[in-house]
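The sequence and structure come first.

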Amino acid sequence: MGIVLTRRSATLAMLAVSFAPFPVMGQTAEVWSADMAADALQQDLIRMIDVRSRQEWTDTGVAGDAWPISLHEDRFAERLFAAREQAEGRPVVLICATGGRSGRVMRSLRQAGYSGFLDVSEGMLGSAAGPGWIAGGYPVVGVDAALAALPEELS
C-alpha cells in the first residue's frame, strides 16, 4: 500500500518541516509560493502582512485575511514586530507586489538575526517565481475591509 500525497498533504508536510527552529532552516524554507501561503493562511497556521502602499491596496485589494501594514508608512518596523507578537508563535508571511520589497525586508530581518518571518516570492501580481496571489485565484478584500479587520495593536 503506497502513500498518496495530495497538494494539501504536501503543503502540510512542508509547513511541519518549516516550523522547525528557523535558524536550522535554509533560505528556501523562508521563501514560499502563493499556493503554500494561501493553504497555510486558510488553516490558520500563519499570519500574513501585505507591505505594499495604500494606493496598491486600493488598486488591487489586499490578500484575504492579510494585515495591511505598509512598508511606506511611519512605524513600519514597530508594527512588523507587533504583528509577530500578535501571531502568537505562527510565522509571519510578507507579501508585496512581485516579491522585491518583501524579499528586501526578509534579507534585512535575516541579517539582523530575526526569525519567524517568511516571504511570498511571487507577490500579489506574480513574478518569475510564479503567477502570484491574484492570478492564483486566492481571496482578495477591499482596502477598507482589510483596514477594519486590522487588530488595534497594529494600527
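Helix α5 (residues 100-111) supplies the largest share of the lining of the largest cavity, 3 residues. The model is predicted, so that local features need pLDDT of at least 70 and side-chain atom pairs count only at pLDDT 80 or more, while totals for chains, interfaces and linings use all residues. Residues are numbered from 1 along each chain as its sequence is written, and side-chain values use heavy atoms, with hydrogens and water left out.

A cavity here is a set of points, on a 1 Å grid over the protein atoms alone, where a 1.4 Å probe fits but cannot get out; lining residues have an atom within 4 Å of a point. The count is 1 cavity of 30 Å³ or more, and the volume of the largest is about 30 Å³. Its lining consists of Glu-30, Met-106, Leu-109, Arg-110, Tyr-114, Ser-115, Gly-116 and Phe-117. By class, 4 of these are nonpolar, 2 polar and 2 charged.

Helices (H or I, at least four residues) and strands (E, at least two) are DSSP runs, numbered from the N terminus. Strands pair if DSSP finds at least two bridges between them.

| Pair | Sense | Bridges |
|---|---|---|
| β2 (residues 47-50) and β5 | parallel | 4 bridges |
| β5 and β6 (residues 117-120) | parallel | 3 bridges |

Val-93 of β5 is the bridge partner of Met-48 and, in β6, of Leu-118. In β5, Val-92 and Leu-94 on one side and Val-93 and Ile-95 on the other are all buried (under 20% relative accessible area, 1.4 Å probe, protein chains only).

Key. Buried < 20%, exposed > 50% of the residue type's maximum accessible area, 1.4 Å probe, protein only. Right-handed = clockwise from strand over helix to strand, strands pointing away. 1 Å grid on protein atoms, 1.4 Å probe; cavity = no way out; pocket = protein on both sides within 12 Å on 5 of 7 lines; lining within 4 Å. Points joined across faces, edges and corners; volume = space filled by probe spheres on them. Nonpolar A, V, L, I, M, F, W, Y, C, P; charged D, E, K, R; others polar.
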